[in-house]
Amino acid sequence: MLTSPSTDAAVLLFQHPSRGVRRSDLREVWEDLVRRVAAGKVVTCLVTTDAALRDLNRRFRDKDYATDVLSFPAYGAQAGAGEELGEIAISFDRAAAQAMELGHSTADELRILMLHGLLHLMGMDHETDAGEMRRAEARWRKKLGLPAGLIERAGRERA
C-alpha cells in the first residue's frame, strides 16, 4: 500500500502540506520510535488527509468515516518475526483538530498517533488485551514526555 524505495527501517511519507510541523523533527522522532519500540523493524508511516484515511478505513475496515490512525501489519508479520512490521497511516487533519481540542501541539499529537499505531503493529490491541497496550502506551508516553494517549483519553470519556 505505502511502498517506498528506501531501505531505512523508519520511513516517513507526507501527502499533506503539514503546516506548522517541522518534518525533519518528526522524522527524527519516528526513527527513534521505530528503533526503540519496534527494535528497528521496517515500518512505514504515511501522514495524509482525512479524505485518505476515510478511504482506507472504508476499504479495509468497512467503516465510512475518517479516523486518526490506522495500522496495517505486514502480511504474516508478528512482533519479533521477520524484518517488515507493517505500515501506519495518520490523518494530519484529525491530529491538528485533536491537538487543538486537547491543548497541545499538532506535533505532539502526531507523535502520540505514531506511538499508538506502532504498538498495534507490535501485536497489541487495547480492545482485547486486558490493559497491556494501555500500560505500554503509558510507559512510552512517560519516557517520551508525551501528553495523554488515545487509550487514556478513551477511558476518560467513558468514565
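How many aromatic pairs does the structure hold? In this predicted model, in which local features need pLDDT of at least 70 and side-chain atom pairs count only at pLDDT 80 or more, totals for chains, interfaces and linings use all residues. Residues are numbered from 1 along each chain as its sequence is written, and side-chain values use heavy atoms, with hydrogens and water left out.

The structure holds 1 aromatic pair, where rings of Phe, Tyr and Trp (its six-membered ring) pair if their centres lie within 6.5 Å, and planes under 30 degrees apart count as stacked, over 60 as edge-to-face and the rest as tilted. The ring centres of F60 and F72 are 5.1 Å apart and the planes stand at 70°, so the pair is edge-to-face. Because F60 belongs to helix α2 (residues 50-61) and F72 to strand β3 (residues 69-73), the pair ties together parts that are 12 residues apart in sequence; helices (H or I, at least four residues) and strands (E, at least two) are DSSP runs, numbered from the N terminus. F60 is partly exposed, with a relative accessible area of 46%, whereas F72, at 14% relative accessibility, counts as buried; buried means under 20% relative accessible area, exposed over 50%, and partly exposed in between (1.4 Å probe, protein chains only).

The chain contains 6 helices and 4 strands, which follow the pattern β-α-β-α-β-β-α-α-α-α when read along the sequence. Of the 159 residues in the chain, 46% are buried.

An open sheet of 4 strands has the order β1-β2-β4-β3, with mixed pairing, two strands being paired if DSSP finds at least two bridges between them. β1 (10-14) and β3 stand at the edges, each with a single partner strand, so one side of each is left without a neighbour in the sheet. β1 pairs with strand β2 (residues 42-48) in the parallel sense over 5 bridges, and L12 stands opposite C45 in β2. The pairing of β2 with β4 is also parallel, over 7 bridges, and here C45 stands opposite I88 in β4. By contrast, β3 and strand β4 (residues 84-91) pair in the antiparallel sense over 5 bridges, with V69 opposite I90 and F72, a member of the aromatic pair, opposite E87. As 4 of the 5 residues of β1 are buried, β1 is largely enclosed by the rest of the structure; 7 of the 8 residues of β4 are buried, so β4 is likewise largely enclosed by the rest of the structure.

In helix α3 (residues 92-102), the buried residues are F92, A95, Q98 and A99. Seen down the axis of α3, these residues fall within an arc of 130°, so they line one face of the helix, the arc being that of the directions from the helix axis to the C-beta atoms. The exposed residues M100 and E101 are carried on the face of α3 turned away from its buried side. The helix is followed by G103, whose phi is positive, near 80°.

Two charged side chains sit over aromatic rings, as defined by NZ of Lys or CZ of Arg within 6 Å of the ring centre and within 35 degrees of the ring normal. R23 lies over the face of F14, at 4.2 Å from the ring centre, and the charged end of K143 sits over the ring of W140, 4.4 Å from its centre.
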